[in-house]
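Visitor: I've got the chain up on my screen and a few questions about its backbone. Can you walk me through it?

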Amino acid sequence: MPLDVSAIRRGLRKWYSQHKRDLPWRRTADPYRIWISEIMLQQTRVAAVIPYFERFLTLFPDPAALASAPEQELLAAWAGLGYYSRARNLQKAARAIVKLPRFPSDYSALLELPGVGDYTAAAVASIAFGRPHAVLDGNVLRVLSRMLAERGDIKSPLVRGRLRTFADTLLDKKRPGEFNQSIMELGATVCLPKQPLCGNCPVRLHCDARQQGLENQLPVSGARPIPHRQEKHLLAIEKQGKILLWQRPPDSRRLAGFWELPEREQVPGANIYGEPGEFRHTIVNTTYLVQVSRASVASHPSRFTWLAKSSLATFPLSTISKKALARLLE
Ligand code: SF4
């Protein structure tokens, strides 16, 4: 079908103005806030991000506050969001930003910041500064591949290239920020991965997948890896209102600086009492079956520390340890 770019832009603009969700980062033009929201939203659902976003901005209201934040405070504010390299890169980027005369406004300058890739640079440049860069995230790729009825694998560079060209063609250069947000919003709320709500879609008359009845088959994406499974047995060792924890060293591959409950093998002399609780926890491609038991110790290795239960909220605790403690306090 011939591409009516103006009609698509008009339809998206009208739909977005009527249906966009009221989200805290949409009430501001502050590039710092928009950047923080974009980093938080990577790999994390909107509903989960909102309270973190608000608390984070209260604690670190500008790049200078973030640049000078103690690492433990930063990680504690991020604890639970996962992918902690995002928080560390935010701070590195804030330290670079405070040395500049102002917040970088163009795509290539944003791309220089640690943790900022093509998507984030395009999002911040377009939303905060009105620069004409089309965003291409998972939601947008889904919408575009359906509109084109693209049958190739969206993970292949060739197909990505086609979708990138389509995104650049569609982008409304007069209102790039609003356009980018409208197509991302369409992917998040209407053009859903399963069973898209085509009846509510402002671009349905321009959508080849819809015309061909392929909306549920597209996009084609590489096979998902099968998750690994692992078991873990954590110990909750309490004494006089304190819990025994250890801190991951700064060069730890994962969760550097975070505090964890000990695993059973780390405290071989522990005396376990009571029935263990159990839960599952998935990190990237690994699903852990976690057992957690109450235990006591006569002595413990020197790298463990007793921390007051009442102060735990001020320490960055791994999500798995938080879940285990919550399980015991139920
Ligand atoms: Fe997605 Fe359906 Fe809209 Fe096509 S018509 S873009 S498949 S919601």
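Predicted model: local features only at pLDDT ≥ 70, side-chain atom pairs only at ≥ 80, totals over all residues.

Visitor: Which element of the chain has the lowest mean pLDDT?

Guide: Overall, the chain has a mean pLDDT of 92, with 97% of its residues at 70 or more. Among the elements, helix α4 (residues 63–67) has the highest mean, 98. At the other end, with a mean of 82, sits strand β4 (residues 271–283).

Visitor: Where does the cis peptide bond at proline 219 lie, and what is its omega?

Guide: Most peptide bonds are trans. Here leucine 218 is joined to proline 219 by a cis one. Proline 219 belongs to the loop between α12 (208–211) and β1 (228–239). As for omega, the value is about 5°.

Visitor: Is tyrosine 83 buried, partly exposed or exposed?

Guide: Tyrosine 83 sits in the loop between α5 (71–78) and α6 (85–97), and its phi is positive, near 45°. Buried would need under 20% relative accessible area and exposed over 50%. Tyrosine 83 comes out at 41%, so the label is partly exposed.

Visitor: And glutamine 195: buried or exposed?

Guide: Most residues other than glycine have a negative phi. Glutamine 195, in the loop between α11 (176–189) and α12, has a positive phi of about 50°. Its relative accessible area is 60%, so glutamine 195 counts as exposed.

Note on methods:
Residues numbered from 1 in each chain as written. Heavy atoms only, no water. pLDDT = per-residue confidence, 0-100. Helix = DSSP H or I, 4+ residues; strand = E, 2+ residues; numbered from the N terminus. Buried < 20%, exposed > 50% of the residue type's maximum accessible area, 1.4 Å probe, protein only.
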